[in-house]
Structure formats: C-alpha cells, structure tokens
Amino acid sequence: MNVNIIDAIMGAGKTSSAINFINNSDNDKRFLYITPYLTEVKRIIDSCPNKKFRQPETYGTKIRGIKYLFDKKCNIVSTHALFSMFDEEIIDLAYANNYTLIMDEVADVIQPYEISKDDLNNILEKYATIDEHGILNWNAKDYDGRFEDVKRLCDLRCIAIYSNIAMLWLFPVETFRAFRDIYILTYMFDAQTQKYYYDYFGINYNYLYVKGDSLDNYTFTDEKINYAIPDYSKLIHICDNEKLNRIGDAEFALSKTWYMRNEKNQLMKQLKNNTGNFFKNYTRTKSDENLWTTFKDYRELISGKGYAKGFLSSNVRATNEYRNRIAVAYLINKFFNPCVKNFFHTHGVKSDDDAFAVSEMLQFIWRSAIRDGKEIQLYIPSNRMRKLLIDWIENVNK
C-alpha cells in the first residue's frame, strides 16, 4: 500500500485537489471515492463527468451493486457506511482490478462491540483464542450457533479483545490492503483514531499537501506548504459569560460520564436553559442561524425552543449544509473511549486526549459559517474544551 495523508485545514482545497487529480489521471486508472454525505457523492459525479462515476445503490442492494461495479471496472463513489460493509469478495474484486481509494475524511475504524461478560467468557473458553496482537481467532470448525456474527467478524480479523473484559470491533484492515494507492483527506490526522489504527497494524503513511489558489489549479504536492490562515481570534467569538460557563468548570463536566451521572437531575435543565439563553439573549439569532450539538442520547433533554432544529451530530464531517449558521453551541467535553484508548496503549500506540478533543471540536465548528471566513458566536461551557480551543487559535495564528 502507498498511503498518502493530505492533512490540511478545512477550506484549504483538499476535495478540489482530489477532483483535479481524478480528472487529470490516465483513462485506465480506476477510483473508489468514499465520502460521508450524499451531497458530496453528487459533487464528485458532476465534477468528474468524463470519469462516469457510478453509485452502487442504483443496482439493487448496495452490496450487490458495488460488487457489480467493481467487476465491471467502473469508477465508484459511495459513502463511509457502505465502505465499512465490505466483505471478502468485494476486497478480492478491488484488489484484482487495481483501484485507487480516495477517502474524504477518516473512517470510523474502532469502536466497542456490545457483548455480555458471560458471552465473552463463553467464546474464549469454547470457540476462540487471542493472538499476540489482541485479535480474536475463531477456532471452532463447522460452527452454527448464536455467535455466528462474531465468527464472521473473526474471519475478517476485525474483533479484538482488551484485557479479557471488553470486545472491540476493528475496521477490517484487509479492506485498506485491497488498494495499491490510498489518499485520505483530513485535518489533524496525528490526533485521530485512524492514525493510531494504522500505527497498531504497522501501516506506513506519508504526508502530502495542497498547492494552488483556485478550484481549477488546486493540486497535491509533497512540498510542505504553509497555508494562509485567517486570524481566527477575530472570527471566532467565544462566549465568556461566567454564569453560562459555570456549569462546565470541573475538568470532566459535560463528558459522557457526566451526562450519564446527571441525566435525571437539575443540571440537565440548567444546561438547557443556558443554551436557550445563549441563542435568545446572547447572540439574538434566528433559529435557522443556530447550530448545536451534544451526545445524541441526551439530545431531547437539552433541545429547546428557538434552536431545536439546529441540532447536528458531533461527529459529522465534510458537510456544507450548515454554512449559514453564525451561532454555535458545543455542549460536549470530548475524551477517547477508555477501552479504545487502553487497547492502543497496551499495544504500544500512544494517544493524546487533548489533541483528539480539539480535532473533533474543530470538525464540528467548521460546519458553520466560519468555513466561509465569516464571524461566529460560540458557546463552549466546558472549561477544558474552551481552553483547548483558545490555545489552538493562538498556536495556529502564530
């Protein structure tokens, strides 16, 4: 594999560079373009007319469709959701037909796999063993039982065990190995889970940059580029209202654990009132100018009049649909999942909670009008997250 990371700040021209790269490539070069959203799927189809990109869902089921398109050696554009469903047959087809993979934003490559402790013990005692990399190997031949899904994932080598107490789903690494050339378009890759995943599997990667100043001439380059950075201290106005921010003073306030612990007490109502107060009295913006997020399980508890319809999941990337929003509330204190973090650390891969938190927060903030260089008002009640953003602004504008 030749893995290239195009690590550039949002709006630097990563997607435009990829489009120009595709359009200027030889006719016999085949592409699989993976993007988070259907609007971006249409953009690739419209921007690369001579390459005749096709979508798998137009051929019956998505899985059947992508197998058909790979077999016919078509250029394919689809979403991250389908990419995570690749099976061994699709992997073989991609490898045999020499495709280049372009990923707009990183993939969701590791997450906890829900299973009871008793079931995990049962699997380890009767059916499977753990190798030196922490991967679960299914040993029971001709198995036909209630753990069939686990067996299938083990066959793809995408189930790992942490300390014999937790099961983790890993993105099947053979999916990446089906491509000779890979281009990943992102920002702050060193802080992202996919970087740690690549390090865990010993996958080498190199960095490319974006050169150019217009849609027509953006291009990838191995020459390190110092990007022109706006003065974000003048564009991002962080709410410093002591009363509104007091709820997030503690180090772990507004973390997932904090929400779970306080779900049924007055703090949820207080956070909802604070958020409504921010939009109604602090920014005085209309509902279609507001954008906010929290952990999805607590959306209904925090949602309120004047901003409810402006909710967007905190892990959303690469969408331009909210670029008119000038008032943003980020009601999260982000940390690595502890099982994921400890799994990586156990295997010698160190992660950085603060860098990860900044990376996730910036991706959300950049869904707003800031992506067009417009000023935004920002409510971040978590004292930790607020300080991390202030530090990032100071460092990026040095």
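Predicted model: local features only at pLDDT ≥ 70, side-chain atom pairs only at ≥ 80, totals over all residues.

How far apart are the mean positions of the 53 positive and 52 negative charges of the protein?

Tutor: Residues are numbered from 1 along each chain as its sequence is written, and side-chain values use heavy atoms, with hydrogens and water left out. The mean positions of the 53 positive and 52 negative charges are 5 Å apart, where Lys and Arg count as positive, Asp and Glu as negative, and His and the chain ends are not counted, each charge being placed at NZ of Lys, CZ of Arg, CG of Asp or CD of Glu.

T175 belongs to helix α8, which covers residues 173-176; the protein has 17 helices and 16 strands, taken as DSSP runs numbered from the N terminus (H or I of at least four residues for helices, E of at least two for strands). With a relative accessible area of 1%, T175 is buried, because buried means under 20%, while exposed is over 50% and partly exposed lies in between, using a 1.4 Å probe and protein chains only. Neighbours within four places in sequence aside, T175 is in contact (heavy atoms within 4.5 Å) with F83, F86 and I91. As for the whole protein, 53% of its 398 residues count as buried, and of its contacts between residues at least 6 apart in sequence, 73% join residues at least 24 apart. The C-alpha trace spans about 60 × 55 × 40 Å along its principal axes.
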